[in-house]
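Here is a short report on one protein and its ligand. Look over the sequence and the structure first, then read on.

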Amino acid sequence: MGITRAIWDREEDLFITFEGPDGSGKTTQIQLLYQYLRERGYPVYLTREPGGTSIGDQIRAVLHDVRNTEMRPEAEILLYSASRAQLVGQVIRPRLAAGEIVLCDRYAESTLAYQGYGRLLDLPTLRYITAFATGGLRPDLIIYLDLPVEEGLRRRLAAYQAGGAEWNRMDQEEVAFHQRVRAGYLQMAAAEPDRWLVLDAAQPVDVIQERIREAVIARLEKVGGVTEGHNRSRTLDGEIIQEGDGEGRR
Ligand code: TMP
């Protein structure tokens, strides 16, 4: 594909996160969105939490190890936050500054939902720690896939038994914990309707993906991106580059 239109000449960045209870299908949806944007030549970067950096992946292993039953809630929060601080500083901010769309599978709202609403830890303290870890970076759009708790846990268990998914410390929590997490997500979404897109995760995968694409394209139009011929992007040093094959950069 040749260069059809010069785009991405914008100052704004676009940071999109995906949230949802375990088993809601957010990882499938974020990957489909990533492919969609890439195929259209948008400069897009996909990452996840906890993890996304070498240090973050090491922290993830500690956090998710089911043998770590003695982990204090305070330690848990700080470990998630440490992984996030590393990801924001090393990856997310530089990518946004380079004009890329950054998609992140979970972000700060997971800490508020799981450690705040789920573990009943003090929300203002969590917000303070989170702001410190991220330097105040918040998503432009949070896509939340909502699912009844029992259905989410059923899907998680089925995926784990089929051998395709890990079973982590959060999965071991009681149903009431996951219900508080879900209620917390819905409360946060209701408080900031412009930032959140809430979708029913029980719908077919392609229906959900269509809604997500509509919302993302609308945001791109708002910040100055257009929907065809996305061949222009900045490198991490800010230099403008042109790519003739229509492929985005990672
Ligand atoms: P996932 O990678 O399969 O989404 O699993 C991540 C797990 O970690 C999930 O159970 C939610 C949990 N989690 C928290 O409890 N707090 C956080 O801040 C994050 C990022 C994840």
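The model is predicted.

## Overall picture

The protein has eight helices and seven strands. Of its 250 residues, 39% count as buried. Take the contacts between residues at least 6 apart in sequence: 81% of them join residues at least 24 apart.

## Around the ligand

Which residues surround the ligand? They are Asp 22, Glu 49, Pro 50, Tyr 80, Arg 106, Ser 110, Thr 111, Tyr 114, Gln 115, Asn 168 and Met 170. Sorted by class, this shell has four nonpolar, four polar and three charged residues. Helix 4, residues 108-118, gives the largest share of the shell, with four residues.

In general, most residues other than glycine have a negative phi, and most peptide bonds are trans. The peptide bond from Glu 49 to Pro 50 is cis, with omega near -20°. Pro 50 sits in the loop between strand 2 and helix 2. Arg 106 is not a glycine, yet its phi is positive, near 80°. Arg 106 lies in the loop between strand 3 and helix 4. Is Arg 106 buried or exposed? It counts as buried, because it has 24 C-beta neighbours inside 10 Å.

Strand 3 covers residues 101-105. Five of its five residues are buried, so the strand is largely enclosed by the rest of the structure. Its side chains point two ways. Ile 101, Leu 103 and Asp 105 point one way, and Val 102 and Cys 104 point the other way.

Strand 3 pairs with two strands listed here: strand 1 and strand 2. Strand 1, residues 14-19, runs parallel to strand 3, and five bridges join them. In this pairing, Thr 17 has Cys 104 as its bridge partner. Strand 2, residues 44-48, also runs parallel to strand 3, again with five bridges. Here Val 44 stands opposite Ile 101, and Leu 46 has Leu 103 as its bridge partner. Strand 2 is mostly covered, with four of its five residues buried.

## The nonpolar core

In soluble globular proteins, nonpolar side chains tend to be buried together. The largest nonpolar core in this model holds 45 residues. Which of them touch the most other members? They are Ile 16, Ile 101, Val 102, Leu 103 and Ile 143.

Look at Ile 143. Leaving out residues up to four places away in sequence, it touches Ile 16, Phe 18, Leu 197, Leu 199 and Ile 212.

Strand 4 covers residues 141-146, and Tyr 144 is part of it. Tyr 144 counts as buried because it has 23 C-beta neighbours inside 10 Å. Beyond residues up to four places away in sequence, Tyr 144 touches Glu 19, Gly 20, Tyr 185, Ala 189, Trp 196, Leu 197 and Val 198. How far apart are the C-alpha atoms of Tyr 144 and Pro 21? They are separated by 8.8 Å, though the two residues are 123 residues apart along the chain.

Strand 4 runs parallel to strand 5, and five bridges join them. Asp 146 stands opposite Asp 200 in strand 5. Along strand 5, residues 196-200, the side chains alternate. Leu 197 and Leu 199 point to one face and are buried.

Helix 6 has 13 residues, 149-161. At 1.5 Å a residue it should span 18 Å, and its end C-alpha atoms are 18 Å apart, which agrees. Just after helix 6, Gly 163 takes a positive phi of about 90°.

Leu 120 also has a positive phi, of about 60°, although it is not a glycine. Leu 120 is found in the loop between helix 4 and helix 5. Leu 120 is exposed, because it has 11 other C-beta atoms within 10 Å.

Key: Residues are numbered from 1 along each chain as its sequence is written. This is a predicted model: local features need pLDDT of at least 70, side-chain atom pairs count only at pLDDT 80 or more; totals for chains, interfaces and linings use all residues. A residue is near a molecule or strand if its C-beta atom, placed from the backbone, lies within 6 Å of it. Ala, Val, Leu, Ile, Met, Phe, Trp, Tyr, Cys and Pro count as nonpolar, Asp, Glu, Lys and Arg as charged, and the others, Gly among them, as polar. A nonpolar core is a set of buried Ala, Val, Leu, Ile, Met, Phe, Trp, Tyr and Cys residues joined through C-beta atoms within 7 Å. A residue is buried if 20 or more other C-beta atoms lie within 10 Å of its own, exposed if 12 or fewer, and partly exposed in between; C-beta atoms are placed from the backbone. Two residues are in contact if their C-beta atoms, placed from the backbone, lie within 7 Å. Two strands pair if DSSP finds at least two bridges between them. The expected span of a helix is 1.5 Å times one less than its number of residues.
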